[in-house]
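Hi,

Here is the structure I promised to pass on. Have a look at it first, and my notes on the backbone follow below.

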Amino acid sequence: MKGWMGKSKALLLFTIITMFLAGCGKENLTALEPKGYGADKSMDLILLTTVIMIGVFLVVMLIYVIALIRFRKKKGQEDFIPKQVEGNHKLETIWTVIPILLVLIIAVPTVIATFDLADESQASEHINVEVTGNQYWWHFSYDGEEIVTSQDLYIPTGERVYLNMLSSDVIHSFWVPTIAGKMDVNPENVNTMFIEAHEEGVYWGKCAELCGPSHSLMDFKVIAVSPEEYDQWVSDMQNVDPEEVPADAVAQEGQELFEANSCMGCHAIGSSPAATGPNLTNFGDRSTVAGILEPTKENLVDWIMDPESIKPGNKMTGMYPSVSEEEANSIAEYLMQLKPSEITPESAGN
Amino acid sequence: MSIATTQKRGFGAVLWDYLTTVDHKKIGILYIIGGGFFFLLGGLEALLIRIQLIKPENDFISAGLYNEMITMHGTTMIFLAAMPILVGLMNYVMPLQIGARDVAFPFLNSLGFWLFFLGGILLNLSWFTGAPDAGWTNYAPLSVQSPGHGVDFYVMGLQLSGAGTLMGGINFIVTIVTMRAPGMTYMRMPLFSWTTLVTSILILFAFPALTVNLFLMMFDRMFGTAFFDIGLGGNSIIWQHLFWIFGHPEVYILILPAFGIFSEIIPTFAKKRLFGYTAMVFATFLIAFLGFMVWAHHMFTVGLGPVANSIFAVATMAIAVPTGIKIFNWLLTLWGGSITINSAMLWTLAFIPSFTIGGMTGVMLGSSVADYQYHDTYFVVAHFHYVIVGGVVFAILAAMHYWWPKMFGRILHEGMGKLAFWTFFIGFHLTFFIQHFLGLMGMPRRYWVFLENQGLDTGNLISTIGAFFMTFGVIVFLINIIYTAVKGEKAPADPWDARTLEWAIPSPPAHYNFKQLPLVRGLDPLWIEKTEGKGKMTPAEPVDEIHMPNGTILPFIMTLGFTIASYGFIYQVDHKGWLIAVYAGMAIALGCMLIRSLKDDHGYHITKEELEREAD
């Protein structure tokens, strides 16, 4: 009877913790509602360790509270001198052995999961993306597909996507909490990790290694769509004609300004591998402007006029002659109509 | 006696006294004052950080300034506040606890303090021209590329104060090995002295890694080498390894003395000998040893591969075992005791649950795959504040209340002590508990702003409110110090009915500490004499002349030379004319060394007559 009570209490506690944790945070940003392979593995260990640790904490607190209540100095016993106990071998052995066992319970699944997530043996059978971290934006180049994007990374659900990551400047860290834990993006060696999303969605990604003044603004998105939609997106992206002249007159003017102001020196449209600045091929489909702002034309105009006020320390500031609001508007008009694919963040249920 | 004479002297005389002192007690107090000053500075920086994060997309401080703020907060709190205050306590208390008249190298002790203090001042002077902004961990290549001189100040400031710490460590080791009173065997040493010894050993082995790392960074930034420059064949990960080979033991350099402090306070106020003394000593050694084996758990996401990650994960978890032993031993010391709860004890009792939470999240972080989520988020921020504030700062405040009467002859006010405790304690948990969740909800650390609509608003607001509570607690503590200095209750030699040697001599002690060195008959020597003997220590020697070292201004001038040279090193990058400062500074420092080497200083003797004239 007592054992059953104990178990049900543990279960109740576990449920409360799970509910408390699950209720926390914004969907598709929080690590507490995992929707990907890596995040699941991490969450399993987070829960396992949390439950064990809360158990330990309760034992410590039980002894602590009883000791404080029972053995507080009492009135009339001011001269009482307690027995000077040296120690107790049996007790000391117990609280050495039990923690060792608890550590083993945590260590074994940790080691298994560590090797599991580092497994790169099947990388060649899956989609591979070259990820480049830059102050303060992300570059994605799909191996063998001639597709280059930035800020928004499209992946199919239910499939592993291997990311081969390198930084062009300082250390960054690639983190999409809801689908996978993070991995540093170093300037000297390619780090490989895989991500796998279980369901469609637009997942928030963040840079997790201090990389300069705008470190906190280096957000990106992972857009998980169904495999069919993903194939559609790939073929749309492969059929982009970077030279295409837009139908709209303002946008046409924007395109000319884009070329005249040497924007193309850094920003490629199409699958050019050049990556001085973010690739703009599918800019009109982007979920954000500059990784953080709502994808509106007004925000884009603000960005073109004065990027420094939005992302301090960015590398675009001062790289081009100043543009008038009208010119910025035309450029924005041109960029916002770059929508090569029907597959957009909305397709993932944004 | 000494208070009366101090009050009669003018400010200039007191200043000169402290500039030239080689007395371990005065140097200890200098360390505490210096560390306390930097603690307030670091606290102010923390408050500004929390105000910036009170609401989403706040523009209270700019992005660049924010990065300077977090860098200086971390660097100041670790290197210039927590560690110096602990070194100050060790300096003051350890020689008294082992029955010594001073540390082994009083000159070196003074030099160590001035190096720390002027190094800290040098680092903080960077505020006028642009502070370091690459985080307290100063990772390359961000730090190498950081414009301006901020990171140069970081490198030179920490190099100076690190040299001071290293000297302190060596000094303590020699003192404990060679200067224990008759009968004070190793296994009769109080736990605080034990942790001082083990901490000093950690300093001895850990700081050289930092020194080397700072030199590499200095050469890269000032003399065009390329240790961390990938373009020229360098490797920036080297910085991380060297930093954490130092940095992880550094955590234990901070927490072991804290353990020592609690191991003194709990037996005193539970009226009971420390439970499992031998186990406590061995657990201390084990923690120190394992502390060197786990540095790469700060680097789980660097991409070291599954083998390295697994090894360091398991080694990290193993530290939980000796730490657990300590927690249970403290609990069992309380068990069966007769517990008095005052301010010192409140901080101590608050430490147990707070630190246990910090230790438990430490094990959780040690699980490498779980760490892929925690790493570099507010979860980590929460974890290390639970350990460093809940462990080290609580220990420092407990120690202040506990040893204040010994150091200054007055007892800190209890009412204000309790008010400061409760506000700080509540504020601490308000600030940091919620941060565990903020981290898992997707908030990385070192974020200047967090965006709207990310579910992070409430947590950050609560956290900032907590910071105000903590600030209030610190202010009350400061008022308490002033109040106590003016009209605090006078303290007898042994106000707490305590157990160790420092309580066998007057509060504050005479400058020679012990008129006659005491004979130690066991663990808790004073307690033994009080319960089984005559109530006071038996002398181990007749009253005789005491040999004391002379005060000297050389350490201060020598350090001034090093500081001037550091300034020169920093600015010679802009203009070679600054090399004059390098040469002049080094000439001053080396000149002082020459004087010190050539001039014989035999110290002085306190005569028997003088000693007999002074009352017990």
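A word on terms before the notes: helices (H or I, at least four residues) and strands (E, at least two) are DSSP runs, numbered from the N terminus. Please keep in mind that this is a predicted model, in which local features need pLDDT of at least 70 and side-chain atom pairs count only at pLDDT 80 or more, while totals for chains, interfaces and linings use all residues. Residues are numbered from 1 along each chain as its sequence is written, and chains are lettered from A and ligands numbered from 1 in the order in which they are written.

Most residues other than glycine have a negative phi, and most peptide bonds are trans. Here are the exceptions I noted.

In the loop of chain B between α14 (368–374) and α15 (378–408) sits B:Asp376. Its phi is positive, near 55 degrees, and B:Asp376 is not a glycine. B:Asp376 is buried, with 23 other C-beta atoms within 10 Å (buried means 20 or more such atoms within 10 Å of the residue's own, with C-beta atoms placed from the backbone).

B:Lys271, also not a glycine, has a positive phi of about 55 degrees. You will find B:Lys271 in the loop between α9 (237–270) and α10 (277–291) of chain B. It is buried as well, with 21 other C-beta atoms within 10 Å.

Now the cis peptide bonds. One runs from B:Ala140 to B:Pro141, with omega near 0 degrees; B:Pro141 lies in the loop between α5 (106–125) and α6 (142–145) of chain B. In chain A, the bond from A:Gln135 to A:Tyr136 is cis, with omega near 0 degrees, and A:Tyr136 belongs to the loop between β1 (127–134) and β2 (137–142).

Best wishes

Methods. A residue is buried if 20 or more other C-beta atoms lie within 10 Å of its own, exposed if 12 or fewer, and partly exposed in between; C-beta atoms are placed from the backbone.
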